[in-house]
Amino acid sequence: MWAVFASHLASASITDYVVKQWNTRNGLPSQSLKSVTQDNKGYIWVGTQFGLSRFDGDHFTNFTQQNSNFLNSNAINKLLIDKEGLLWIGTKRGISVLDPDSMNYFEFGIGGPVRDILQDDKGNIWVAANELFYIERNQVAFHLPESERRRSGRIQGRLTAINQISVSKMALAPQGVWLVSENYLLRLTNMSSSSSRLRLKITARVTLPDRLAQTIIHDLAWLEGTLYLASELGAYFLDIDDELRPFTLPNASNAAVYKFMSDSDGALWISTYGRLLYRDNSKEWQWVEPAALDQSIWFSDIYRDEQNNIWLASFSEGLWLAHAGRVERHNALSSMTEAVMAITLSPSGQLWVANRSGVGYFDQDNNFINRVPRAKLRRSAVHDLHFVGERLYIATDRGVLYFEDEQLYNIDARELRQNPVFAISESSAGGLWFGTGRGMYRMGYRGLTPFTYNAVLDSKFITYVLDKGKYGLIGTSQGGYLFSDKGIERIGDSTALESAYVTSILEIDDVGTLVGSLNDGLFYRSTQGRWHQLDVSNGLPYGSIFSLHHDEALQRVWVSTMKGVYRMPVEQFSDEIGNLQVEQVISSYDRQLDGKASQCCAGLGHDAVADSGDSIWYPSLQGVVEIPKNVQLFGQDQLAPQVESIATPRRTLYTGGLGVNPELDTDERDLTINYTAIDFYAPAEVEFRYQLSGLDTDWRYAKNRREAIYTNLPPGPFTFKLEAKRTSDSWEEATSTYYAFQVPKRFDETVYFRLLIVSGLFFIIYLLLWVFRAQERRKQAALESLVEERTMELRDANDKLNQVNSQLKLVSHSDELTGLRSRRFLFDQLPKDIEHYQRNSSSLQEQGRALVLLIVNIDKFSRINDAYGPLSGDSCLQQMATLLNSCTQGSDYVARWSGDEFLLLLRDFELDQVNQFARQLCKSIAEKSFQLPNGKKINLSASLGWSCYPMPLLGGQVIGWETSVNLADIALHQVKKRGGDGCAHIEFDDQLDAFEFEQSENLDAQIATLQSTGLADIKIWMR
């Protein structure tokens, strides 16, 4: 908490300065600062107890002995930017000079702590250390030609040491340099007419008072023709008699004084223990001081930059920036801050306000004239002020009053008694609208009448009324409404506006309607008729909206909130907003030098803004705030983007030292390009985009990030293009810069290397081809010999293989047990026999011959295996095979069809003889005695079934031999059903078509069907 004391309200006030603060949480290496200055590019340089810092408004770049070569100590005592832009750094162990652009440095052989640095009118440097040193401007290596400069290293320059003078502080005056030595205040004057020669003479000597000679001198300053001295014992000045006299400061007797500074307006700034004093041209003192802090704050250095900002280096609280505020506050009482609740303009242009002391106006001298004391208002809170002619209506939380002819009257209406009134607005039908906590009422010539649609309002808490004639808009605590003669309806199109607390409504012709809310941001309806919502996510500044105002001259919408004031261009609301353009006029982060945050704004709706033509007026918790409509905001100056450095894994290259289009080392392919745009007011609002020509095909958008990282760059020329803008601007308004550099080719990326590689490849290919051809010739000869040998071996192998294949084929076509043909042989041979038959079918049919398929199945063969064992069964099968072979002719063959089943193929057999053959074979089997391995003999019987191919049907040749086998099997099973020991075949009607058997999947059923119709008959013979 800070308390402000001033003699009276003047045109310039120390509390008009807005302050920003940075400390270790923001990147400073230390809270304790000793010196601050600004270079030619705009960077702020800060000397701390733990190193040197460079500041661009967004981040601090810190330099220490550990990461730089130009510091001989981390304890910085004094910084100075000379006329050529070089930074002189005085430390606890000497002095060095740095080129801020190239970061090249130069060291002088000065030992011990440097207490002060000064540059005279001729550009020469004076250094106060254990001795007084004088450095001519041509003794700095940076002044040599570019070819002779050293990029880095410790170069010792020539110094002129003025012995026997120990100096603590210095000040430049027209007659020479004033010095503070151990016991004297001295003025040295160079009596030489040549700038290259030094001939010093003490032209003034003032003896320091004993107490002053024994204390610490913090500053010596020549300001406006007067020499000031700051010490632990207070402030002193040198009068016209060359005598040091105490400089009287208000409420700072015997307090330590640390720094004097005069700004461009001629105002004097003085830093004392716990106070910052300010005296403008009126010679009246103002100051700020701590009132309830754990520790005092004082400043070791005060610096004014090119923009007239005041930079304050604190001993304990980091870096401060103070800039003159561009808004003016008007307080009802000069000795205290007065909260204002409502504001309006009278027809004559007087500014009327309602505050805690009553209702009144400011006169031409900005004095508050209280016309209605709070006691007359029955201590009611005032919500709105509205003039109708010279009559002032006052809306309070207990009804409506009006002030006229120095008298205060109460509108005695039953509906308004103890009813809070929040809004007063003109009615297009005559009279006034009153928005109350219980609905809306119109006061006309006939008295007070309720609003027609009060009953349909979800909330009767009326906050805003706008009557446009043909229609009107109402704001409530639960949404907004549009009413006309046709009825009333909600506004908002299913947005959050339907339940929002409406504080203000603004209708702009040919643009749209804007609605401000307490908690849901800003709503607007564009010319297309759609409602849209804007909040923090769209870039709208945070804070409850209190008022909306349209500046018709400059076409801006002014918005006041609990957190400040901002303005926006009107034209953007005619359509859906993609990139919200907004300018922050007063921010919640703005703090005065008194330490208090901005308390703008207050009021709601009608009473929260007033327009006096050139200025916008707002009520606040600290009086009335006046803002010129054409105010030029801080941070709106054109940005100047700049490329700071190119960092590689092993070094950092500053662009100022690299020159134009530099060439990097061949192994520097991973780069971090650091860039910035200096802005101390709103650095977070600066956005960047960049493009590396030669690599990037489009812009890369970095937002507020200030580095570009590239890895594994190819060789070639590159141009880093950089653009910067503020978030409220478009990229067409951005400012740009560029920096070109080259990545050289490694030897392995050059044409010579490629030619060498190609030549080597050709030689290797030729050598390989020669070796290959020689080897091929040798291989060819050996191969020919080997091929001949292998050919003979292959012939022998093929002969053997053919023999084996024949044997394998024979084995696969023979049954291993019986020696008969196998089932596989039958499937291979039968198609050939059928083909043979078909070739000779005509002659064979004339002879009554055909292929006969006869199946023999041993009856009850499984009993033999069961009774005598499988060996006996195998023996019976072998004897059966012998019997069947003996019963067939040479062209016929017998095949083992299955386990105990045999198939006989009788080739070109007469069909008339088949039955006789089958019966005879059946008898032969039954009469044969089968010898078992155990010597026992048994008799067997067999069941036979036969069929022929082709079948004796119309078109019988279309039926495959498989069907003939199946028919023989069916006939055999008929014998089996009768006990076996017989033979059977199937006879068909002569007119039966062979196509009846084309589908042979269910042959048994087909035969049964043909039997039932008399077209087929199974002939069975049983022995």
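Predicted model: local features only at pLDDT ≥ 70, side-chain atom pairs only at ≥ 80, totals over all residues.
Biologist: How many aromatic pairs does a search of the whole structure find?
Modeller: Rings of Phe, Tyr and Trp (its six-membered ring) pair if their centres lie within 6.5 Å. Searching the whole structure on that basis gives 47 aromatic pairs.

Biologist: Why does the pair of tryptophan 45 and phenylalanine 63 get the name it has?
Modeller: Planes under 30 degrees apart count as stacked, over 60 as edge-to-face and the rest as tilted. Here the ring centres are 6.0 Å apart and the planes sit at 20°, so the pair is stacked.

Biologist: Which strands does that pair link?
Modeller: Strands (E, at least two residues) and helices (H or I, at least four) are DSSP runs, numbered from the N terminus. The two residues are 18 apart and the pair links distant parts of the chain: tryptophan 45 is in strand E4 (residues 44-48) and phenylalanine 63 in strand E6 (residues 60-63).

Biologist: Phenylalanine 63 also pairs with phenylalanine 70, so what is the angle between the planes?
Modeller: The centres of phenylalanine 63 and phenylalanine 70 are 5.6 Å apart, and the pair is tilted. The planes make an angle of 55°.

Biologist: Is phenylalanine 70 buried or exposed?
Modeller: Buried means under 20% relative accessible area, exposed over 50%, and partly exposed in between (1.4 Å probe, protein chains only). Phenylalanine 70 has 5% relative accessibility, so it counts as buried.

Biologist: Which residue's ring has the charged end of arginine 823 over it?
Modeller: A charge sits over a ring if NZ of Lys or CZ of Arg is within 6 Å of the ring centre and within 35 degrees of the ring normal. The charged end of arginine 823 is 3.9 Å from the centre of a ring, and that ring belongs to tryptophan 897.

Biologist: Where is lysine 629, and is it buried or exposed?
Modeller: Lysine 629 is in the loop between strand E58 (623-628) and strand E59 (641-647).
Modeller: In sequence, lysine 629 and serine 615 are 14 residues apart. In space, C-alpha to C-alpha, they are 5.1 Å apart.

Biologist: What is the bridge partner of serine 425?
Modeller: E39 pairs with strand E40 (residues 432-436) in the antiparallel sense over five bridges. The bridge partner of serine 425 lies in E40 and is tryptophan 433.

Biologist: Why is strand E33 said to be largely enclosed by the rest of the structure?
Modeller: Strand E33 covers residues 358-362. It is largely enclosed because the number of its residues that are buried is five of the five.

Biologist: Which residue in E34 stands opposite phenylalanine 362?
Modeller: E33 and strand E34 (residues 368-373) run antiparallel and are joined by five bridges. In E34, the residue opposite phenylalanine 362 is phenylalanine 368.

Biologist: Which residue takes a positive phi in the hairpin of E33 and E34?
Modeller: That hairpin has five residues between the strands. The phi is near 65°, and the residue is asparagine 366.

Biologist: How do helix H6 and helix H7 lie to each other?
Modeller: Axes are lines fitted to C-alpha atoms, for helices over the stretch in contact, and angles run from 0 to 180 degrees between N-to-C directions. The axes of H6 (residues 861-868) and H7 (residues 870-887) come within 6 Å and cross at roughly 140°. Angles under 35 degrees count as roughly parallel, over 145 as roughly antiparallel, 65 to 115 as roughly perpendicular and the rest as oblique. That makes H6, relative to H7, oblique.

Methods
Residues numbered from 1 in each chain as written. Heavy atoms only, no water. Pairing = 2+ DSSP bridges.
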